[in-house]
2 protein chains.
Amino acid sequence: MSASLTILGFNSAIPTVTSSPTSQFLEMGERCFLIDCGEGTQVQLRRAKARFSKINHIFISHLHGDHCFGLPGLIASFRLLGRETPLHVYGPKGIKELLETIFRLTETHKGFEVIYHELQSKKSEKIYEDHKLEVFTIPLDHRIYCNGYLFKEKPKERHLDMQQVSKYIEIETCDYQNIKNGKDFILSDGYVLKNDVLTNDPSKSVSYAFCSDTRYSESILPLINEVDLLYHEATFLHELKEMADYTGHTTALEAARIARKANVGKLIVGHFSNRYHDLTVFLDEAREVFPNTNLPQALVPVEIL
Amino acid sequence: MSASLTILGFNSAIPTVTSSPTSQFLEMGERCFLIDCGEGTQVQLRRAKARFSKINHIFISHLHGDHCFGLPGLIASFRLLGRETPLHVYGPKGIKELLETIFRLTETHKGFEVIYHELQSKKSEKIYEDHKLEVFTIPLDHRIYCNGYLFKEKPKERHLDMQQVSKYIEIETCDYQNIKNGKDFILSDGYVLKNDVLTNDPSKSVSYAFCSDTRYSESILPLINEVDLLYHEATFLHELKEMADYTGHTTALEAARIARKANVGKLIVGHFSNRYHDLTVFLDEAREVFPNTNLPQALVPVEIL
């Protein structure tokens, strides 16, 4: 499955002329997901030439303004552009009251259904599933209830090894699907042909984990184990570790530790404090621990696998 | 008094890469006012190099999103920048519930006082006054309760005509202020020296009227009579007059008629529908009726007088 991430904004707290608060546009197969929606996200979506109408699912990590203040404007614009397709909004309990109060007082008539999926569990949950994909929450440790999100392609079918299969005249075309699904084949004499004799491993399923905002937390490791791409916040350098803990954030060194312990494919760090002007300091600190670390580049799509 | 208007955004409804929804930064004397606050206003303020900290009064015309969705983010940024000065917010009844609900659910701790001035009168009111300035509402006719705002320098002192004053030995320095204030002077023999013998007219007081959004409405004429600068919405060309009426907006021709009937100094039209790409059509239509019409130029300060 093709999977591409376009980071729309990655700075923390205050939007500036050159950087936007958190938002990401994720394409996996035919699906388009929006993750977080800081102020100005709709304009960043236009800059990225992402088609608004393809977004049917929005995932909000937490209700701090730099992750959600762009949502009312985006939804209002959906309406003005004639949207009729229902929109699913996933986010912390309170997101429905927040948006519906805004829509009522600003007389924003949506004209399409907004389906709220309010989250309050402190354990990981599967919150979305279709025939190819699943999305799970990644409970995080911030000042306010906060989830990351894990986007995971379902395991693919195994590949038939036709050289092997053709040796057994009893295996018919109608048996192929069961074998691709991993089942053994039992010959008429009772002999069990093990599945791994008849098939090769499927191509890798793609996975992406988004973790922002959070203190360093090893409890997320089982959830993000071996994901192809991890986006993890790194608001501060490690010299400000105390500040990071106090404000519920992570340092670049810690983000890299998480990536190494989870054995992820690659790491992108983001959500930098505005106090830093030269962002390569984050890269230098993280690469000491996890070499395959990169800085985000706004509006430039990244292939996940 | 020096008075300068910086238009931060002037399009209607949907923000684009090249244009922002309504917001204006008005400097009159030492005062800085923000008028309306569409999404992205805080970034436009940065682009305009306007100092955030100088804004103590924000005037919101109405609660449609393209005029107020930037307010929560701006106020959150004020807090992050360490603001302590109280902030006055003027706007339709409901603005307090809107902002306070957002602040509660997003755990935005302001750290400074927000003083709400909720408006619901359908008649013009004086809502602000200091020793040099007054601000009045201009009730407008939109789909939702909406006010324009009139910013008016108070009449200045009259200028003493020292050639005349020096002829009368009885007039002492301590009398000057009364004479500047327009009082006659009574000589000891009972003769009344008329004020206009002793003084010349003061220099002109500056005034600015902001009118957005509204149907064509002549009821505003007495309020905006002879203002130096009128900003008036012109969402459509006159060929879409029906659409303008239906959506509660004005055409360029009508905005120019208002300017002519009110005998204003100059007119800027704005709040254009996104359907128009070449904005000079608005200028052509309006100038037929009111030649001193201009298009807004975002981020370029305009001297009002």
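Before anything else, a term: helices (H or I, at least four residues) and strands (E, at least two) are DSSP runs, numbered from the N terminus. H271(A), for instance, is placed in the loop between β16 and α11 of chain A.

A word on the source. This is a predicted model, in which local features need pLDDT of at least 70 and side-chain atom pairs count only at pLDDT 80 or more, while totals for chains, interfaces and linings use all residues. Residues are numbered from 1 along each chain as its sequence is written, chains are lettered from A and ligands numbered from 1 in the order in which they are written, and side-chain values use heavy atoms, with hydrogens and water left out.

H271(A) is not a glycine, yet its phi is positive, about 65°. Is H271(A) buried or exposed? The cut-offs are these: buried is under 20% relative accessible area, exposed is over 50%, and partly exposed is in between, with a 1.4 Å probe and protein chains only. H271(A) has a relative accessible area of 1%, so it is buried.

Compare K49(A), also a residue other than glycine with a positive phi, near 55°. K49(A) is found in the loop between α1 (41-47) and β4 (55-59) of chain A. At 73% relative accessibility, K49(A) counts as exposed.

Next, the aromatic rings. A pair of aromatic rings is described by the distance of the centres and the angle of the planes. Rings of Phe, Tyr and Trp (its six-membered ring) pair if their centres lie within 6.5 Å; planes under 30 degrees apart are stacked, over 60 edge-to-face, and the rest tilted. How many aromatic pairs does this rule give over all chains? The count is 26.

One of them is F10(A) with F272(A), edge-to-face, at 6.0 Å centre to centre and 75° between the planes. F10(A) lies in the loop between β1 (3-9) and β2 (23-28) of chain A, and F272(A) in the loop between β16 (266-270) and α11 (280-287), so the pair ties together parts 262 residues apart in sequence. Both F10(A) and F272(A) are buried.

A further pair is F33(A) and Y128(A): the centres are 5.6 Å apart and the planes at 80°, so this is edge-to-face. F33(A) is in strand β3 (residues 31-37) and Y128(A) in strand β7 (residues 126-129) of chain A, 95 residues apart. F33(A) counts as buried at 0% relative accessibility, and Y128(A) counts as buried at 8%. Ring pairs also join F33(A) and Y128(A) with F59(A), Y90(A), Y149(A), F151(A) and Y208(A) in a cluster.

Rings can have a charge over them too (NZ of Lys or CZ of Arg within 6 Å of the ring centre and within 35 degrees of the ring normal). R83(A) lies over the face of F78(A), 4.6 Å from the ring centre. In chain B, the charged end of R83(B) sits over the ring of F78(B), 4.6 Å from its centre.

Then the backbone. The peptide bond from S212(A) to D213(A) is cis, with omega near -5°. D213(A) lies in the loop between β14 (207-211) and α8 (221-224) of chain A. S212(B) and D213(B) are likewise joined by a cis peptide bond, omega about -5°.

Last, helix α11(A). Its buried residues are F282(A), L283(A), E285(A) and A286(A). These pack against α10 (252-261) and β17 (293-294) of chain A, where contact means heavy atoms within 4.5 Å.
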